[in-house]
Amino acid sequence: MTPLAQLIEAALFAAARPLTVEELAILDPDAELSDVRAALGQLREVYDFNQHAIELVELAGGYQLLTRAAFAAAVERAQFAIRAPRLTAAALETLAVIAYRQPVGRLEIEEIRGVSAGGVLRSLQERGLIEVVGRGEALGRPLLYGTAPMFLEVLGLNDLGDLPRTEELTIALQPPRPLTDDTHDAAAYVPAES
Amino acid sequence: MEQTSAIALPEPPTTALGASPAFVVQLDAFSGPLDLLLHLLREEQIEIADIPIARIADQFLQSIHELGLNQAADYLEMAGRLLRLKAQMLLPRRSEEEGWEDPRAELVRRLLEYQQIREVALWLGKAAERRAEQYSRGYLPPPLALPPPPLRVDLLELLQAVERVIVAIPDPVLHRVVPRPLDVEGATRRLNALLDARSEFGWLEALGPAPTITDILSTLLALLELARGGTLVLQQTAPFAPMVIRRDASRPAD
C-alpha cells in the first residue's frame, strides 16, 4: 500500500463515519483529489483481495469501513454489536414521502398517508433522519422537512439518486395479482382503462 | 402480508376486565385508513379505478367497527369521506352528460399515490435491512459534539467544593422532645378526695402546694372533665374572680 492509502485507512478506521474524498485530502497537503481516489481504490482492492471481513463502502457521499454482511449474524449472536433498530411502517412511509417530495410540510405528508404525522416526524427528527429545511409560503409558514445526511447512512445509500426513480416503480405496470399471491407489497393494482 | 395476518387474528386480545378488544394492537397492523382501504380492495380483487363505493364504504365501516378502531379519528375521517362519495354516486346522472366528473377520482388518485409510497417504503425498508447487516467500527452513532474534557481537580479543590456545599446547607431545626406526662388520673383522684372532704374549695387549693406546670394542666383538665361529667360545678362570682369549685348538689356526699 502507498503511504497515502495507509493514511486513509487510519483515518477511516478512526473516524467511524463516512469521510468524503475532500475530507480525506486534508491528510496529505500534497495529495490531489485524484490521488485520494486512486488510494481509495487501492485500499478497496487490498480488503477484497485478501478476503478481509471488512470492506470499503461508498456511503452518504463518502467512504466508510464496514464489516461484510456475511458476518452480521455471528457478530450479533455473540452480542458484540447491536443491530440498528428496524424502522416502523409509519416511519418508512413518512421517509418515502419526504425523500420524494422534499421540501415538504406536515400537511402534505398527512394528506398522502391519510394519518396524522406529528409523532413520526418528531421521532424521525430525533433519530437525525430528517431535518427542517425551511418554511412554506402557506398560512402559518409551516415547517418544511427534508432528508438529513443520516438518512443516506442508515439506508446505505450514496446519494438521493440511488432511490428508485418513480417511473421505475412497478405501479401501473403490473397486472392485478391473484389473492393467493404474495401480497407483501402494495403494487398489485393498475387503474383500469377508462 | 401484515394486513392479512391482522384480519386473520382468531380472537382479539381482551383485557382482564372483559371482552373489550384491544384496538391499539390492530391499529398497528394497518398504517392508516388508506392501508385498510387497499387491503379491502385487494381482498375483493377490485381494481382501484373502479371502486364499488357503496360496498367498500360499508365494508370499511364494518372493518373499523370489528377492529375496534372507532376511536381513531383518522379512520373516521375516511369513513365520512366514503359515505359522502357513496351518496354522490347515488345521485342520478345521464351517462353521456358532458363535464361529469367521477366523484371517486380524488380517492383513486390518493390510493394510487399511497400505493406508490408503500412501494417506496418497502424498498427503503429493504435498503435499511441490508445496511443493518454491515457494522461500522463501534455500533453507537458518533457523538454529535465532542465530550467535555475530563475533569481535573486536586484534593484541596475537592475539599473546598465539599465545604462550600456543606456551608450552604441550612441548619436543621432541631426540636427537643421532653416527656412531660400529664397526670389527669392522679389529679382526678385528688379532686375527688377533696370533694369528699369538702363541698366547696378554691382553685389554688385544688392545685395543692408548689404545683408544676404539668400539675396545673393536669388539674385543669381533670376539673373540666369532672365538670363535664357532672361531678362538680365550676363557678366564678365575677369576671377574673377566683374560681370556686363546688360539689354538685345532686351528688350525695359519701
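**Helix packing and a buried valine**

Visitor: Which residues of H4(B) meet H5(B)?

Guide: In this predicted model, H4(B) contributes B:Ile53, B:Ala54, B:Ile56, B:Ala57, B:Phe60, B:Leu61 and B:Ile64. They meet B:Tyr75, B:Ala79, B:Leu82, B:Leu83, B:Leu85, B:Lys86 and B:Met89 in H5(B).

Visitor: And by class, what is in that contact of H4(B) with H5(B)?

Guide: There are 13 nonpolar residues, one charged residue and no polar ones.

Visitor: How do the axes of the two helices cross?

Guide: Helix H4 (residues 53-66) and helix H5 (residues 73-90) of chain B cross at roughly 155 degrees, and their axes come within 9 Å. An angle over 145 degrees counts as roughly antiparallel, so H4(B) and H5(B) are roughly antiparallel to each other. The crossing of H4(B) past H5(B) is left-handed.

Visitor: Switching to chain A, where is A:Val154 found?

Guide: A:Val154 sits in helix H8 of chain A, which spans residues 149-155.

Visitor: Is A:Val154 buried or exposed?

Guide: Buried, because 23 other C-beta atoms lie within 10 Å, and the cut-off for buried is 20 or more.

Visitor: What does A:Val154 touch?

Guide: Leaving out residues up to four places away in sequence, A:Val154 touches A:Ala84 and A:Leu129, plus B:Ala128 and B:Arg131 from chain B. A:Ala84 is 70 residues from A:Val154 in sequence, with 8.5 Å between their C-alpha atoms.

Visitor: What is the secondary structure of chain A?

Guide: Chain A has eight helices and five strands, in the order α-α-α-β-β-α-α-β-α-α-β-β-α along the sequence. Of its 194 residues, 31% count as buried.

Note on methods. Residues numbered from 1 in each chain as written. Chains lettered and ligands numbered in written order. Predicted model: local features only at pLDDT ≥ 70, side-chain atom pairs only at ≥ 80, totals over all residues. Helix = DSSP H or I, 4+ residues; strand = E, 2+ residues; numbered from the N terminus. Buried ≥ 20, exposed ≤ 12 C-beta atoms within 10 Å, placed from the backbone. Contact = placed C-beta atoms within 7 Å. Axes fitted to C-alpha atoms, helices over the stretch in contact; angles between N-to-C directions. Parallel < 35°, antiparallel > 145°, perpendicular 65-115°, else oblique. Left-handed = near helix turned anticlockwise from the far one by under 90°. Nonpolar A, V, L, I, M, F, W, Y, C, P; charged D, E, K, R; others polar.
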